[in-house]
Amino acid sequence: MFLDLLNIYEKEIRKNCQNKRKVYLFEMYKMSYIKEIEEVLKNKKGYSCTYQIFLIFEPKVRVIMSLPIKDKVLNHYVTRYILQPRLEKYLDCRNVATRKNMGVSEARKLIKKYFIKNKNQDFYILKLDIAKYFYCIDHKVLKDLLKDKLENNEFQLISSIIDSTNKEYVNKRIEFLEKKYSIELPKYEYGKGLPIGNMTSQFLSIFYLYKFDHKIIHEYHLKYFVKYMDDFVILHENKKYLEKVFFKIKEELENIYKLKINEKKSKIVSSKEGIVFLGIHYKVKKGKVVNYLPNKKKREIRKKIKKNFFEFKNNYKNIESLFSSRECFLHSYKVSKKFIKRWIYEMEEN
C-alpha cells in the first residue's frame, strides 16, 4: 500500500499540481505524510478534510473544491484501489466519462458510429441534460447503491467522503465568492451533492445512474445510446416511442434518483437538424454524416488561442502548456490557421 500511495503522489499528484508551494511543503515531510495516509486507509474509519474552494471561469463559471495534497493522494487511492476494482463491472461500455481508454474521444467515436449506422433512414435523437448534476446527487440513494458492493469498513470510509459537502463552511465560502464576484452560484443542500474536482466524485457520479443506464438499453431496447457524465444521447427511428421514453425517464430520474432534467437543453430533434454533443455538431445531410465545430465553439477557441499566445509572449506561460492536448491543438489549428501561421512566422523572424 505504501508504495502504491507513493506512486500516486509521484506520477499523478506532483506532476499535475499547479500550486508548487503546496508540493514543496508536502515534499518536506513526504514519507511521514504517506505513512499517515496509509494508517487512515488501514483503519478505514472515515476521515475529515477541509476543501480549498475557488472559482474557474473557463469554459464557464464553476465552483471547484480542491483538497490538500495529503487528502488528494488518499482520494486517488480510494478511487484506483477500492471504487474502480469493485464497481467498474457494473458500468455499461456506453457510459464513457472519466474511464480509462474512454472519455471524450470514445463518446465522439460512438455517436459518429451510430449516425453512420442509421444514415440511410430518417431517425430522431433524444438529447438529455440533467440540471446541476453534481449538486443534486442524493447521498442516501448513492450509499444504498454502494452498501452491498463494498466491505463494511470501505463503505464507512467512502461515506465520510460523500458526506464532506455537508459541512457548514462549504456554503459560507460559496456565499463569500458570490459577493466577491457579484454572480449567482449553486449551493449544496444537506445530504446532497458531490464536491466538484475530486477523483472519487468523478467516479461516483458515473456510477450513480448505472441501473438507469441498463434500463434504457435492456428494458427500453434503446441500444444507440451514449452517456457522458450528465449528458445523454439516444437515437431511434420512432419519434413517438422516444417521446414516451422521455416522459418515463423524467419521472424515474425525479422519483428514484432525486434529479431533474434541464428542460432548456433536453429535446427530441430529427437527424437532419442534428445535435451538438461535446462541442461538435452532428447531423445527416443528403445521406451523409456531417460533423463540424459550431461557430460559437470556433469563437471560443480563437479567443483562447489569442489569450494563450499573449501569455506566452509575456512569459506567463511556457510553450508546452500552449495547448493542453493533441486534440485541442488540431481543433485550434483548423479554426485559426492564419493566426497560428502568423505567430510561427513571427517566432522564426525573432
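Let's start with helix 9, residues 168-181, in this predicted model. How far apart should the ends of its 14 residues be? At 1.5 Å a residue, helix 9 should span 20 Å, and its end C-alpha atoms sit 21 Å apart, which agrees.

Now look at which parts of helix 9 are hidden. Val170, Ile174, Leu177 and Glu178 are buried. These residues cover an arc of only 105° around the axis, which puts them on the same side of helix 9. What covers that buried set? The cover includes strand 1 (52-56) and strand 2 (62-66). Turn to the face pointing away from the buried side and you find the exposed residues Glu168, Lys172, Lys179 and Lys180. Just after helix 9 comes serine 182, whose phi is positive, at about 55°.

Next up are the strands. Strands of a sheet pair through backbone hydrogen bonds, either parallel or antiparallel. Strand 3 (residues 124-129) is mostly covered, with five of its six residues buried. Strand 3 pairs with strand 5 (residues 231-236), and the two run antiparallel. Strand 3 also pairs with strand 6 (residues 267-270), again in the antiparallel sense.

| Pair | Sense | Bridges |
|---|---|---|
| Strand 3 and strand 5 | antiparallel | six bridges |
| Strand 3 and strand 6 | antiparallel | four bridges |
| Strand 7 and strand 8 | antiparallel | three bridges |

Leucine 128 stands opposite phenylalanine 232 in strand 5, while isoleucine 125 has valine 269 in strand 6 as its bridge partner. Over in strand 8, histidine 281 is the bridge partner of valine 276.

That last pair belongs to an open sheet of three strands, in the order 7-8-9, with antiparallel pairing. Strand 7 (275-277) and strand 9 (288-292) stand at the edges, each with a single partner strand, so one side of each is left without a neighbour in the sheet. From one strand to the next, the twist averages 30°.

How do two helices sit against each other? Two packed helices are described by the angle between their axes and the distance between the axes. Helix 4 (residues 69-87) and helix 10 (residues 199-207) pack at an angle of about 20°, with 8 Å between their axes. That angle makes helix 4 roughly parallel to helix 10. Among the residues that meet here are His76, Arg80 and Leu83 from helix 4, and Met199, Phe203 and Phe207 from helix 10.

Where is lysine 30? You'll find lysine 30 in helix 3 (residues 30-43). Is lysine 30 buried or exposed? Its relative accessibility is 15%, and the cut-off for buried is under 20%, so lysine 30 counts as buried. Leaving aside neighbours within four places in sequence, lysine 30 is in contact with Leu6, Tyr9 and Glu10.

Finally, zoom out to the whole chain. The protein chain has 15 helices and nine strands. Of its 350 residues, 47% count as buried. Among contacts with a separation of 6 or more, 70% come from residues 24 or more positions apart.

Conventions: Residues numbered from 1 in each chain as written. Predicted model: local features only at pLDDT ≥ 70, side-chain atom pairs only at ≥ 80, totals over all residues. Heavy atoms only, no water. Expected span 1.5 Å × (residues − 1). Buried < 20%, exposed > 50% of the residue type's maximum accessible area, 1.4 Å probe, protein only. Arc of directions from axis to C-beta. Contact = heavy atoms within 4.5 Å. Pairing = 2+ DSSP bridges. Axes fitted to C-alpha atoms, helices over the stretch in contact; angles between N-to-C directions. Parallel < 35°, antiparallel > 145°, perpendicular 65-115°, else oblique.
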